[in-house]
Amino acid sequence: FDNYLYQLINEFCEKRHKKIELIVVVDQLKPDYLNKKINAKFKKRSNIKFFKSNKKSRIAALNHGYSHSEGKIIKCIDSDDKLHDSFFKYINKLKKFDAHCHNASIGNENLQKIVSYTFNPAILKKEKNYLIENMISSPRWAWSFNKSIAKKIFPIPENLFAEDFWFTFIIKSHARSIYHINEDLYTYRQHNENEWGGVINFSKEIMTQRSKWLINEIDELKKLNKQL
């Protein structure tokens with residue numbers, strides 16, 4: 001994913017205002033030439049911060065990144081995906097709400113659109129308990145939120161397999177207002193080998209594996225009953 005990461009940072013530098021902060025958390029950068037390439041081009045940018053995570057874990061990286069954040073609005077994206085520039089035209093509107101969500105595109109390895117992802121309206125309309133009882137959530141990358149909500153989400157419990165449920169349930173528990181942007185503002189890169197996040201993978205083997213992960217997630221969420 002190193003080349004995807006470089007592309008993401010490079011695009012950020014070309015288009016983003018200096019008041020927008022980008023925090024990059026990696027376990028390591030390979031190969032070495034890419035590390036040098038990133039250091040040479042981006043290290044002097046004061047609004048880009050690089051950190052190395054001590055644990056090779058997505059949740060650990062998210063927690064580590066958030067602990068160094070200063071922004072009033074937080075959004076967590078993946079290094080191989082694309083946050084569209086159009087997201088930032090809503091910044092002033094986002095300030096008026098506790099949390100925000102949007103639609104997205106599911107793309108192939110080259111980010112060419114395969115299908116649209118529409119944010120589940122049940123998440124906006126139904127009560128939190130309904131979502132928990134039916135294990136309904138949206139992808140973590142579909143959300144952004146203000147600092148007060150971020151303090152409830154982070155640190156994400158590290159025993160969770162997928163933080164998507166945690167984000168959705170905590171936001172529904174604490175956000176007084178949620179703003180839905182009915183627009184594709186993000187492209188999720190669908191890899192052929194994806195299992196949990198494979199939107200178009202529905203083989204028996206894949207679905208069996210997802211079910212096992214989901215059962216484990218339910219068990220872990222039960223342990224977090226007080227926080228939820």
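Is Glu163 buried or exposed, and what is its relative accessible area? Glu163 is buried, with a relative accessible area of 2% (buried means under 20% relative accessible area, exposed over 50%, partly exposed in between; 1.4 Å probe, protein chains only).

The model is predicted, so local features need pLDDT of at least 70 and side-chain atom pairs count only at pLDDT 80 or more, whereas totals for chains, interfaces and linings use all residues. Residues are numbered from 1 along each chain as its sequence is written, and side-chain values use heavy atoms, with hydrogens and water left out.

**View 1. The salt bridge of Arg58 and Glu163.** The two side chains meet at 3.0 Å, N to O (a salt bridge is a side-chain nitrogen of Lys or Arg within 4 Å of a carboxyl oxygen of Asp or Glu). Arg58 is partly exposed, at 40% relative accessible area. Salt bridges that share partners join Arg58, Asp78, Arg140 and Glu163 into one network.

**View 2. The salt bridge of Lys49 and Glu70.** The side chains of Lys49 and Glu70 meet at 3.0 Å, N to O. Lys49 is buried, with a relative accessible area of 19%, whereas Glu70 is exposed, with 64%.

**View 3. The surroundings of Ser69.** Ser69 counts as buried at 15% relative accessibility. Its side chain makes a polar contact with the side chain of Lys147 at 3.1 Å (a polar contact is a pair of N or O atoms within 3.5 Å; within protein, one must be able to donate a hydrogen and the other to accept it, and residues adjacent in sequence count only if both atoms are side-chain atoms).

Key. Contact means heavy atoms within 4.5 Å. Lists of a residue's contacts leave out its neighbours within four places in sequence.
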